Amino acid sequence: MKPKHLISVVPHVVKLLLSLGILWLTLDFKFRKAKKTFEKELIRNGVPKEVAKRLSKKYEEMKNQLKRTVLSSMRGFP
Amino acid sequence: MCEEEKEKKRKSPAEEAEEVKMIFQTLSKEVPALVKGVLDSVFSEEAGKSIGKAAAAFYKELKESGMPDEVAVRMTEKYIGVFTSLGDLLGKMGKGKKFNLQSSSEIGKEIEEKIKEKLAEKGIQVEEDED
């Protein structure tokens, strides 16, 4: 395959990387809304406030664990 | 005769490049959409509401059945972990480990099918790998 043929692939690779980058950067912002709604819903359904706070911390831990795992798996790529 | 057939099947560099371009074109469209779908199913506002509702119901059931508070909270934390076990899934995909979760192979199959569809539209045949 000649280099001029590979050039046609570059915009799609850039688009893919940009899309994934944007998803990564907006994850925290989206999660903040999700966490608020999660906590509100717990309290609305009769869970005590302290328990709701503890459970929403766990929800956040899951998000952080996901980010750590994705980063560590990227480091594993050659 | 065999050699002639092989010559016919061999793709020109331009055809190969077109095939690679189509693959990346499809990947650049499908992969972000798939990842967004997976993340939204757990870390969006609607997902937060559903998971909150489910967790609250689970916690209340445990309390009503006489479970001590600390135990009920810990079990509910584990319950929330089930919804958000994406970390394990993506981590294992990244490290190339084998795992049996159906969703990962389904995502891979979906991407493969989309690529084949796009290539078929362009009239490019994909050679199947023999396992």
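This is a predicted model: local features need pLDDT of at least 70, side-chain atom pairs count only at pLDDT 80 or more; totals for chains, interfaces and linings use all residues.
**View 1. Chain A follows the pattern α-α-α when read along the sequence.** Of the 78 residues in chain A, 22% are buried.

**View 2. Chain B and chain A meet in a contact that takes 41 residues from chain B and 40 residues from chain A.** On the side of chain B that touches chain A, two or more residues come from each of the elements α2 (13-43), α3 (45-64), α4 (69-83) and α5 (86-95) of chain B. The largest share of that side is given by α2(B), with 16 residues. Sorted by class, the side of chain B that touches chain A holds 21 nonpolar, eleven polar and nine charged residues.

**View 3. Helix α2 (residues 10-44) of chain A meets α2(B), their axes coming within 9 Å and crossing at roughly 10°.** Angles under 35 degrees count as roughly parallel, and α2(A) and α2(B) are therefore roughly parallel to each other. Among the residues of α2(A) that make the contact are Leu16(A), Leu20(A), Leu23(A), Leu27(A) and Phe31(A), while those of α2(B) include Phe24(B), Leu27(B), Val31(B), Val35(B) and Leu39(B). By class, the contact of α2(A) with α2(B) has 14 nonpolar, four polar and three charged residues.

**View 4. The largest nonpolar core has 21 residues.** Those with the most contacts inside this core are Leu42(A), Val47(A), Leu55(A), Ala55(B) and Ile80(B). Two or more residues are given to this core by each of α2 and α3 (49-75) of chain A, together with α2, α3 and α4 of chain B, and α3(A) gives the most, with six residues. When neighbours within four places in sequence are left aside, Leu55(A) is in contact with Leu42(A), Ala55(B), Thr76(B), Glu77(B) and Ile80(B). In soluble globular proteins, nonpolar side chains tend to be buried together.

**View 5. Ala56(B) lies in helix α3 of chain B.** Is Ala56(B) buried or exposed? A residue is buried if 20 or more other C-beta atoms lie within 10 Å of its own; Ala56(B) has 22 C-beta neighbours inside 10 Å and therefore counts as buried. Leaving aside neighbours within four places in sequence, Ala56(B) is in contact with Glu41(A), Leu42(A), Asn45(A), Gly46(A) and Val47(A). Ala56(B) and Thr76(B) are 20 residues apart in sequence, and their C-alpha atoms are 8.3 Å apart in space.

How values were computed: Residues are numbered from 1 along each chain as its sequence is written. Chains are lettered from A and ligands numbered from 1 in the order in which they are written. Two residues are in contact if their C-beta atoms, placed from the backbone, lie within 7 Å. Helices (H or I, at least four residues) and strands (E, at least two) are DSSP runs, numbered from the N terminus. Ala, Val, Leu, Ile, Met, Phe, Trp, Tyr, Cys and Pro count as nonpolar, Asp, Glu, Lys and Arg as charged, and the others, Gly among them, as polar. Axes are lines fitted to C-alpha atoms, for helices over the stretch in contact, and angles run from 0 to 180 degrees between N-to-C directions. Angles under 35 degrees count as roughly parallel, over 145 as roughly antiparallel, 65 to 115 as roughly perpendicular and the rest as oblique. A residue is buried if 20 or more other C-beta atoms lie within 10 Å of its own, exposed if 12 or fewer, and partly exposed in between; C-beta atoms are placed from the backbone. A nonpolar core is a set of buried Ala, Val, Leu, Ile, Met, Phe, Trp, Tyr and Cys residues joined through C-beta atoms within 7 Å.
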